[in-house]
Amino acid sequence: MQLDADLQRRLIKAVAERVIVHTDELVALDRAIGDGDHGLNMKRGFAAVLADLDKFSVMPLDESLKGMGMALVMKVGGASGPLYGSLFMALGKALPAQAHRAGLAKAFAAAVDAVKARGKSDVGQKTMIDVLVPVLAVLQDTAGDLPARLCAAAQEAATATIPVRAQRGRASFLGERSIGHMDPGARSASLMVCAVMDVMEGRA
Ligand code: ADP
Ligand code: MG
């Protein structure tokens, strides 16, 4: 699947910058129920992506996604680095030859499955998966207006992690005390989805 190089560049840049702008918020969320590094981990990873923006913009999209996934694995660290790395790499691997919704939904499903396998996790455990799965559901639902709903669905899903008790990652060590806080990985996932949709809908 090919994208216009200018669009590809704007998408990558928007996702990276959106995550970096929210570093402090992600740090604060992770400080509440983890070790406080999620924002800095993600900032390091996406700074590496931005450093290679010229390269990632002109590569075929599947190769670009795989390359960014590898950069995230190497630079983000923590639990989230391998998980987001798996998401990007699996998405690149499964990307359809032509851009069409059903093929994209299928590729995103494969990417979400890769995260689940890597994290030995599933929906409802207060992780990034709690955002990725509802986003996939919107992609798979061919009835509605896709762009309008994807970002909203991601944000709602991130908010919906607040009352959940964590069952994966560091937050799970807190047991009941993880209740009442948004999961940092769910928040970072929603930021990325909304950044993509802002570009696709001409807001960025
Ligand atoms: P660490 O927990 O090693 O400090 P980060 O703070 O960067 O790593 O990332 C924490 C986020 O990673 C969590 O908020 C959660 O969304 C996600 N996460 C952690 N463990 C898992 C897992 N097993 N499956 C899916 N997501 C996970
Ligand atoms: Mg952390």
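This is a predicted model: local features need pLDDT of at least 70, side-chain atom pairs count only at pLDDT 80 or more; totals for chains, interfaces and linings use all residues.
Start with ligand 1. Ligand 1 sits in the second largest pocket. There are 21 residues around ligand 1. Ala79, Ser80, Gly119, Ser121 and Asp183 come nearest. Sort the shell by class and you get six nonpolar, nine polar and six charged residues.

Which elements give two or more residues to this shell? They are helix 3 (38-51), helix 6 (80-94) and helix 10 (184-200). Helix 10 supplies the largest share, with three residues.

Now look at the polar contacts. Asp183, already named among the nearest residues, places a polar side-chain atom 2.6 Å from an oxygen atom of ligand 1. Asp37 also has a polar side-chain atom by an oxygen atom of the ligand, at 3.0 Å. In His38, an N or O atom of the side chain lies 3.0 Å from an oxygen atom of ligand 1. How much of the ligand does the protein bury? Taken alone, ligand 1 exposes 570 Å², and the protein buries 92% of that.

Find Gln8 in helix 1 (residues 5-21). Is Gln8 buried or exposed? Its relative accessibility is 1%, so Gln8 counts as buried; the cut-off for buried is under 20%. The side chain of Gln8 reaches the backbone oxygen of Ser57 at 3.4 Å.

Ser178 belongs to a loop, the one between helix 9 (146-159) and helix 10. Ser178 counts as buried because its relative accessibility is 0%. A polar atom of the Ser178 side chain lies 2.9 Å from the backbone nitrogen of Ala166. So Gln8 contacts a backbone oxygen, and Ser178 a backbone nitrogen, while each counts as buried.

Last, consider the backbone. Most residues other than glycine have a negative phi. Lys120 is not a glycine, yet it has a positive phi of about 45°. Lys126 is not a glycine either, and its phi is positive at about 65°. Where are these residues placed? Lys120 is in the loop between helix 7 (101-119) and helix 8 (129-140). Lys126 is also found in the loop between helix 7 and helix 8.

Their surroundings are another matter. At 66% relative accessibility, Lys120 is classed as exposed, because exposed means over 50%. Lys126 has a relative accessibility of 0%, so it counts as buried.

Terms used:
Residues are numbered from 1 along each chain as its sequence is written. Chains are lettered from A and ligands numbered from 1 in the order in which they are written. Side-chain values use heavy atoms; hydrogens and water are left out. A residue is near a molecule or strand if one of its heavy atoms lies within 4 Å of it. A polar contact is a pair of N or O atoms within 3.5 Å; within protein, one must be able to donate a hydrogen and the other to accept it, and residues adjacent in sequence count only if both atoms are side-chain atoms. Accessible areas come from the Shrake-Rupley method with a 1.4 Å probe; for residues, only the protein chains shown count as cover. On a 1 Å grid over the protein atoms alone, a cavity is a set of points where a 1.4 Å probe fits but cannot get out, and a pocket is an open set with protein on both sides within 12 Å along at least five of seven lines; lining residues have an atom within 4 Å of a point. A molecule sits in a cavity or pocket if more than half of its atoms lie within 2 Å of its grid points. Helices (H or I, at least four residues) and strands (E, at least two) are DSSP runs, numbered from the N terminus. Ala, Val, Leu, Ile, Met, Phe, Trp, Tyr, Cys and Pro count as nonpolar, Asp, Glu, Lys and Arg as charged, and the others, Gly among them, as polar. Buried means under 20% relative accessible area, exposed over 50%, partly exposed in between (1.4 Å probe, protein chains only).
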